[in-house]
Amino acid sequence: MDNTQSFQFFNRGPSPAVRLVFFVVLSLLLLFIDARYRYLESTRSALSMLVSPLQRLATMPGVLWQQAGDFFTTQRSLVEDNKSLHQQHERDAAQSSQLQALQQENQQLRNLLALPQRGELAMQAAEIMYAERDIFKRKVLIDKGADANVRIGQVVMDDAGIVGQITRVYPRLAEVTLITEKDHAVPVQVLRNGLRTILFGAGDTSQLSLRYMPVSSDIQNGDLLVTSGIDGIYPPGIPVAKVVKIERDAAYPFARVICLPVAGVDKHRHLLILSGLPRLPERPAEEPAAAQNSKTKQKK
Amino acid sequence: MPYSVPANPEIQRPVSNTLIVFSVLLALLLNGLPWEGVWLMLRPDFVALVLLYWCTHKPLRVGIGLSWAVGILADVADASLFGQHALAYTLLAFGGVMLHHRLKMFDLRQQTTQVFGILALTYMVYALVHWQVNGYMVWPYFLGCLTSTLLWVPLSIMFQAARQMRVSRDH
């Protein structure tokens, strides 16, 4: 047997099969840890420092193309843009003066009723670097990261409404999960009648859906859904989606409600990160009733 | 070992480390271009192709360990689960290292079928990981496998040219 084995002049280390098993086990272990426990975020962000120059280089052609496009915009289009923006500004100015009056009034009323004040929303602008490579995920990466004080859980919006939420932060990048990601949930409220519900992303299309809406619930085509704010993460009153289709089938307990996002979730390059998470009141101290509850749970 | 007829009549030239590192970095860059929509679905995996080329042509220089490390970098670049690309490229490198004698006996056209098998294994890993994590299988992943296989011949010719260019400069 020994004669048939090829003699090795040089030590080449372990055989390919051994290496295969070693690295496959190592990869599977990493997969398991990352999928279940997410312990590896610091390693990921350290390694991302190595990869990010390459990524920036890869986005260069697109940026150059855009800059070339900016350079060659005609004067006429600029003049037209300017005109329409001026008109928009005048309309907005009228509305904003009204808003100020309403804000003042609201503040006074809240004072009278001894309700907590609503804080101003602080924002910072960010630009989308690129979309996630996996076509089955709805995520984008933006150019602000831990160095710009971006934190996990912050809400990202554009000029029209909610776009998504920050789910991972690198030193110079942050990952935004769009509201159209499969099973991504946003607590919302129907603006017309205040009905509270939860909006889910569909994942494969740019649609959103309201699950668990009873067939009899008061919801109509064209209803605007705004964030309800009771989750403590999304600030209240920001538009999220519009109802476009309702299917009420008496055979099912729930109606099928299809919505489309108000914001240009797949369109714009520039986004706003809402930097101030709303401050929540302190959790009330646990009551003795809670102890009894936990006892009954243990019995089960 | 039987006498083998290499795919190209040239004697195998030495390859500099710079070329290997440069080609892998370039492949990572190409994978990182802002692909979108249908193009993203059809995007070939340049990193897998380059690694497979080096594993079959220089199995002592580029092997399973290096492929695994490149896979980890690809995981970070893609923001995918840690170990997904690493696992795929490990299997790819193993296939390349095991088949490198056999591949040399075929011409480029015949190599393509063998390469398709190895790449299909790689893409199977992506699909299986996706299935395990998200609970459903996605078949469009395998479109990228087809486009990657189609790139094998042009890529091989290009690398052959790059290696000969180095030699002629040296003389």
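Two strands pair if DSSP finds at least two bridges between them. Helices (H or I, at least four residues) and strands (E, at least two) are DSSP runs that are numbered from the N terminus. The model is predicted: local features need pLDDT of at least 70, side-chain atom pairs count only at pLDDT 80 or more, and totals for chains, interfaces and linings use all residues. Residues are numbered from 1 along each chain as its sequence is written, while chains are lettered from A and ligands numbered from 1 in the order in which they are written.

**View 1. Strands β1, β2 and β5 of chain A.** Strand β1 (residues 123-131) of chain A and strand β2 (residues 139-142) of chain A run antiparallel and are joined by three bridges. Ile128(A) has Ile142(A) in β2(A) as its bridge partner. β2(A) also pairs with strand β5 (residues 174-178) of chain A, in the antiparallel sense and over four bridges. Here Ile142(A) stands opposite Ala174(A) in β5(A).

**View 2. The barrel of chain A.** Six strands of chain A close into a barrel, in the order β6-β7-β8-β11-β10-β9, with antiparallel pairing. From one strand to the next the twist averages 40 degrees; axes are lines fitted to C-alpha atoms, for helices over the stretch in contact, and angles run from 0 to 180 degrees between N-to-C directions. Strand β6 (residues 185-190) of chain A and strand β9 (residues 224-227) of chain A run antiparallel, joined by three bridges. Opposite Val190(A) stands Leu225(A) in β9(A).

View 3. Lys144(A) is placed in the loop between β2 and β3 of chain A. Is Lys144(A) buried or exposed? Lys144(A) is buried, because 21 other C-beta atoms lie within 10 Å. (A residue is buried if 20 or more other C-beta atoms lie within 10 Å of its own, exposed if 12 or fewer, and partly exposed in between; C-beta atoms are placed from the backbone.) Not counting residues up to four places away in sequence, Lys144(A) touches Gln124(A), Ala126(A), Val150(A), Ala174(A) and Ile273(A). Two residues are in contact if their C-beta atoms, placed from the backbone, lie within 7 Å. Lys144(A) and Pro171(A) are 27 residues apart in sequence, and their C-alpha atoms are 8.4 Å apart in space.

**View 4. Two loop residues of chain A with positive phi.** Most residues other than glycine have a negative phi. Asn149(A) is not a glycine, yet has a positive phi of about 70 degrees. Asn149(A) lies in the loop between β2 and β3 (155-157) of chain A and is exposed, with 12 other C-beta atoms within 10 Å. Asp183(A), also a residue other than glycine, has a positive phi near 70 degrees. Asp183(A) lies in the loop between β5 and β6 of chain A. Asp183(A) counts as exposed because it has 9 C-beta neighbours inside 10 Å.

**View 5. Helix α1 of chain A.** Helix α1 (residues 16-36) of chain A has 21 residues, which at 1.5 Å a residue should span 30 Å, and its end C-alpha atoms are 30 Å apart, in agreement. The expected span is 1.5 Å times one less than the number of residues. Arg19(A), Leu20(A), Phe23(A), Ser27(A), Leu30(A), Leu31(A) and Asp34(A) are buried in α1(A). They lie on the same side of α1(A), because they cover an arc of only 105 degrees around the axis; the arc is that of the directions from the helix axis to the C-beta atoms. Ala17(A), Val18(A), Val25(A), Leu29(A) and Arg36(A) are exposed on the other side of α1(A). Among the elements that cover the buried residues of α1(A) are α4, α5 and α6 of chain B. Arg38(A), which follows α1(A), has a positive phi near 55 degrees.

**View 6. The contact between chains A and B.** Chain B has eight helices and zero strands, and 41% of its 171 residues are buried. The contact takes 34 residues from chain B and 31 residues from chain A. Which helix gives the largest share of the side of chain B that touches chain A? The largest share, eight residues, comes from α4(B). This side of chain B divides into 24 nonpolar, eight polar and two charged residues. Ala, Val, Leu, Ile, Met, Phe, Trp, Tyr, Cys and Pro count as nonpolar, Asp, Glu, Lys and Arg as charged, and the others, Gly among them, as polar.
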